[in-house]
Amino acid sequence: MSSTQTLIEVIKAELKSQGLSYADMARELGLSESSVKRMLAPGGEMPLSRVDEICRVLKTDFAELTRALAERQPLRMELTLAQEKAVVADPKLLLMAICCLSQWTAEQITASYRLSEAEVTRYLAELDRLGVIELKPLNRYKLRLAKTFRWRPHGPVMSFFREEVASDFFCGGFDGEAELLMLVHGRLGHGMARELVERLQRVAQDFARQHLLDQKLPDAEKRQYTLVMGMRSWLFEHFKHLQRNPVRPP
């Protein structure tokens, strides 16, 4: 949906919330009801001067409409290949991206890592340029990524994770407080496998939601955790030569 059409949808939603009809707006604007309907129809034309008049009728201003428009913009489910390459090319930028995905404030980042305020500002601006965040005054920001955002399965970031991070992560004992590592193998129908994947996605969303809720806790009451989940149709490479009549995936 284009920004113009989204703006029209925002105006129509505001009309509805205030209990105003097209006839009411037409009367206030000195137009016919049919003219208002055409203006607010898909593909309708609306000059900026008319937007100002509509704001007057709605008892709002353009800044409020712009804010509502920004909130309706679709969030990214993934980055482009070029964007991921840019993020992973600089370790500090990758660190900043991970911190932003975890909703850390600029102050928390500088307090936890060897990054100056100037570096944090520069990297936040770069993430804004890449479409990861929308940078606001005083280094505040808003994520442009959906809750279900994921790095490209075979993209630069996941390749970096497999090559540089996975061995470090999995070499731990997973025997500390609130730690767990399980390996479960089985044969499932396609429908149940898809359902389990959806459940795992909900677990990931719960983890992200709890992270935001626990931001209110004192730092002394929090520990940093990393949740990694994966599910695939797979057989350990060292066992493949022992298979009798290997089953090929459909």
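Cysteine 171 is exposed, with 62% relative accessible area. Exposed means over 50%, buried under 20% and partly exposed in between (1.4 Å probe, protein chains only). Cysteine 100 is buried at 0%. The structure holds 0 disulfides, a disulfide being a pair of cysteine sulfur atoms within 2.5 Å. For cysteine 100, the nearest cysteine sulfur belongs to cysteine 99, 7.0 Å away.

This is a predicted model: local features need pLDDT of at least 70, side-chain atom pairs count only at pLDDT 80 or more, and totals for chains, interfaces and linings use all residues. Residues are numbered from 1 along each chain as its sequence is written, and side-chain values use heavy atoms, leaving out hydrogens and water.

The whole structure has 15 salt bridges. A salt bridge is a side-chain nitrogen of Lys or Arg within 4 Å of a carboxyl oxygen of Asp or Glu.

| Pair | Closest N and O atoms |
|---|---|
| Aspartate 24 and arginine 27 | 2.8 Å |
| Arginine 140 and glutamate 107 | 3.2 Å |

Arginine 140 lies in the loop between β1 (133–135) and β2 (141–143), and glutamate 107 in helix α8 (residues 106–112), 33 residues apart. Helices (H or I, at least four residues) and strands (E, at least two) are DSSP runs, numbered from the N terminus. Arginine 140 is partly exposed at 40%; glutamate 107 is partly exposed at 44%.

Aspartate 24 and arginine 27 sit 3 residues apart in helix α2 (residues 22–29), so about one helical turn separates them. Aspartate 24 is partly exposed at 22%, whereas arginine 27 is exposed at 58%.
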